[in-house]
Amino acid sequence: MEYLRPCQASDKRFVGRDITVSGDGFDSVIPVPDGLVLCDACNQEIEAGFLLYLGDEELAADQPYGAFCSACCRDYYSEAVRL
Ligand SMILES: [Zn+2]
């Protein structure tokens, strides 16, 4: 069962992140501005959206699969349980 939990871009989980891009023999670490959250489906910036959890274990461990805007949750995860 999938779950959707409301989130805000200002949540502390979105502070101090970075992305590592691996190339042929090198890695580049790119800092992500605090509070910048893009929908994992449509790439639109999210101020208020949802975290998707793929199951009970992921929900209990607070390990979301990703963050999604309201429109993508409606279009792709309409059967997920909203918390
Ligand atoms: Zn979206």
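Start at the hairpin. Select E2 and E3: these strands form a hairpin, with four residues between them. Within the turn, pick Gly25, whose phi is positive, at about 90°. Keep in mind that this is a predicted model.

E2 covers residues 17-22, and E3 covers residues 27-32. The two run antiparallel and are joined by six bridges.

Is E2 buried or in the open? Colour the strand by burial. Of its six residues, the number buried is zero, so E2 lies largely in the open.

Next, move to the open sheet. Select E5, E4, E1 and E6, in that order across the sheet. These four strands have mixed pairing. Strands of a sheet pair through backbone hydrogen bonds, either parallel or antiparallel. E5 and E6 (81-82) are the edge strands, each pairing on one side only.

Zoom in on E1 and E4. Six bridges join this antiparallel pair. Select Cys7, then find its bridge partner in E4, Gly49.

Which residues make up the largest nonpolar core? Select these 12: Tyr3, Leu4, Val37, Ile46, Phe50, Leu51, Leu52, Tyr53, Ala67, Phe68, Cys69 and Cys72. E4 gives the largest share, four residues.

Stay in the core and centre on Leu4. Leaving aside residues up to four places away in sequence, Leu4 touches Phe50, Leu52, Cys73, Tyr77, Ala80, Arg82 and Leu83. Two of these contacts, Phe50 and Leu52, are themselves listed in the core.

Finish with two loop residues. Most residues other than glycine have a negative phi, and most peptide bonds are trans. The next two stops have positive phi values.

Select Asn43, in the loop between E3 and E4. Its phi is positive, about 65°, although Asn43 is not a glycine. Is Asn43 buried or exposed? Asn43 has 10 C-beta neighbours inside 10 Å, so it counts as exposed.

Then go to Asp62, in the loop between helix H1 (56-60) and E5. The phi of Asp62 is also positive, near 50°, and this residue is not a glycine either.

How values were computed. Residues are numbered from 1 along each chain as its sequence is written. This is a predicted model: local features need pLDDT of at least 70, side-chain atom pairs count only at pLDDT 80 or more; totals for chains, interfaces and linings use all residues. A nonpolar core is a set of buried Ala, Val, Leu, Ile, Met, Phe, Trp, Tyr and Cys residues joined through C-beta atoms within 7 Å. A residue is buried if 20 or more other C-beta atoms lie within 10 Å of its own, exposed if 12 or fewer, and partly exposed in between; C-beta atoms are placed from the backbone. Two residues are in contact if their C-beta atoms, placed from the backbone, lie within 7 Å. Two strands pair if DSSP finds at least two bridges between them.
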